[in-house]
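Subject: Structure for your files

Dear colleague,

Please find the structure below. My notes on it follow.

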Amino acid sequence: MSGRVGDLSPKQEDGLKEFRKNVADVLEAHHDDHFLLKWLRARHWNLKKAEEMLRASLKYKKQMNVVELCKTWKDPEIIDKYFVGGISGFDKEGSPVWCEPFGSLDAKGIIYSTKTSDLIKNKIVVSENMETLMEEQSKKLGRKVDSVVVVFDLEHVNWHHVWKPFVDVYGQILSLFEANYPEALKKCFVTRAPRLFAVGYNMMKHFLCEDTRNKVVVLGNNFESELLKYIDADQLPAHFGGTLRDPDGNPRYTTKIRYGGKIPESYYLKDKDLNTDAMQTATVGRGSTHDLEYTVEVPGSVISWEFQSEGADVGFGIFKKDGSDKALTTILPTSRCKSNIVIEDGQVKVEHPGTYVVRFDNTYSWVKSKKIKYSIEVLPPDNEVENQLGNDAPELANESSQITQL
């Protein structure tokens with residue numbers, strides 16, 4: 001049985017009755033069986049966990065004053081201009097289709113130019129408006145519409161999309177959606193996915209429950225025909241294989257879908273500092289190096305870094321140990337980075353398991369030692385997604401913030 005209205009087993013019927021009784025003190029008139037069943041399905045019919053989830057959500061929405069927020073909220077200019085996504089139409093069963101050109105989002109720019117609280121408020125209002133739209137669809141079609149199809153496009157995605165500060169913020173948004181809008185995702189089609197997606201998905205998937213993860217379908221570059229099995233062409237932008245275009249013929253359908261773009265630094269918040277308290281610290285002695293070793297076990301893993309130095313620049317490079325001897329193969333040549341001015345970050349993909357050495361280099365300075373704060377991570381790919389991507393998935397060039405090669 002699906003666990004939906006009209007398709008319940010006798011045991012599920014009894015569970016629904018008991019659940020309604022248990023949460024009767026917080027229910028409102030519009031909280032029908034469809035509403036209650038979403039929480040039960042989300043917690044696999046564990047009544048206690050479903051009750052905890054529902055109560056926590058209602059408490060959160062009350063704290064956020066969601067009803068008033070939806071009436072008064074206006075996106076800040078930066079979100080209105082540079083955040084991504086929009087509704088293009090409806091799928092063949094009447095569910096809304098949300099197109100999200102995620103790869104066009106300036107991940108680093110959005111972190112430097114917005115408050116996390118504003119991004120969260122935006123997503124709450126978008127989600128609540130989606131709920132209203134689905135209610136309208138339900139009345140129009142005479143049957144319940146309670147889930148959304150997402151087209152998650154990764155064209156132009158880059159290493160900044162797996163930058164830890166961005167992943168942390170986006171993870172908060174995903175967690176908020178999971179906790180407060182259960183069973184709202186019908187299907188998520190991932191299009192134009194490069195191999196980097198296997199790493200990014202592995203970082204993000206712990207924010208998603210197993211049921212949500214099972215609704216993610218990776219289509220890569222050959223996606224148009226698959227999307228059209230679920231969505232009619234006149235409900236989908238031409239950029240995604242449909243027929244919708246802007247009045248000027250633009251296939252991206254920007255009258256309904258926001259495509260983000262590079263955020264000018266003039267929008268950056270002057271007092272927006274990234275949290276470096278969680279970083280590790282070390283001192284690189286004058287005329288010496290500070291080496292850190294990391295074990296890579298999975299081919300195709302990414303070594304990601306952020307660091308900051310005090311007072312002056314510092315060199316940075318990555319090497320691979322060759323066997324048990326001291327020989328090192330250069331992966332990223334050592335470069336002097338102005339990390340005393342701005343936090344340096346970057347990523348490099350490594351194809352071979354082994355021991356890698358991350359080196360902070362101060363051999364060029366015989367007068368001054370350097371204090372550093374750093375965060376280094378080894379990010380393995382998700383093997384299942386890696387297999388789904390196929391051989392045609394493009395690779396991204398490694399990216400770093402190196403300034404002057406030593």
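Which side chain does that of Asp153 meet in a salt bridge? The partner is Arg192, with an N to O distance of 2.8 Å; a salt bridge here is a side-chain nitrogen of Lys or Arg within 4 Å of a carboxyl oxygen of Asp or Glu.

Before the rest, the conventions. This is a predicted model, in which local features need pLDDT of at least 70 and side-chain atom pairs count only at pLDDT 80 or more, while totals for chains, interfaces and linings use all residues. Residues are numbered from 1 along each chain as its sequence is written, and side-chain values use heavy atoms, with hydrogens and water left out.

Salt bridges

The search of the whole structure finds 27 salt bridges. Helices (H or I, at least four residues) and strands (E, at least two) are DSSP runs, numbered from the N terminus. Asp153 is buried at 2% relative accessibility, and Arg192 is buried at 15%. Buried means under 20% relative accessible area, exposed over 50%, and partly exposed in between (1.4 Å probe, protein chains only).

Lys229 and Glu226 also form a salt bridge, at 3.0 Å from N to O. These two are three residues apart in helix H11 (residues 224-230), which separates them by about one helical turn. Lys229 is exposed at 55% relative accessibility, and Glu226 is partly exposed at 22%.

A further salt bridge joins the side chains of Asp313 and Lys338 (3.8 Å, N to O). Asp313 sits in the loop between strand S9 (301-309) and strand S10 (314-321), and Lys338 in the loop between strand S11 (328-337) and strand S12 (344-350), so the pair ties together parts that are 25 residues apart in sequence. Asp313 is buried, with a relative accessible area of 9%, whereas Lys338 is partly exposed, at 39%. Both belong to a network of salt bridges that links Asp313, Arg336, Lys338 and Lys370.

Nonpolar cores

A nonpolar core is taken as a set of buried Ala, Val, Leu, Ile, Met, Phe, Trp, Tyr and Cys residues joined through side-chain atoms within 4.5 Å. The largest one has 53 residues, and those touching the most other members are Ile110, Phe152, Leu154, Phe166, Val190, Phe197 and Leu389. Helix H9 (residues 196-204) gives the largest share of this core, seven residues. A second, separate core has 21 residues, including Ala282, Val314, Ile372 and Tyr374.

H9 is mostly covered, with eight of its nine residues buried. Phe197 is among them. Leaving aside residues up to four places away in sequence, Phe197 touches Leu154, Val190, Val218, Val385 and Leu389; contact means heavy atoms within 4.5 Å.

Helix packing

The axes of helix H3 (residues 47-63) and helix H8 (residues 164-180) come within 9 Å and cross at roughly 120 degrees. That makes H3 oblique to H8, since angles under 35 degrees count as roughly parallel, over 145 as roughly antiparallel, 65 to 115 as roughly perpendicular and the rest as oblique. Axes are lines fitted to C-alpha atoms, for helices over the stretch in contact, and angles run from 0 to 180 degrees between N-to-C directions. Met53, Ser57, Tyr60 and Lys61 in H3 meet Leu176, Glu178, Ala179 and Asn180 in H8.

Regards
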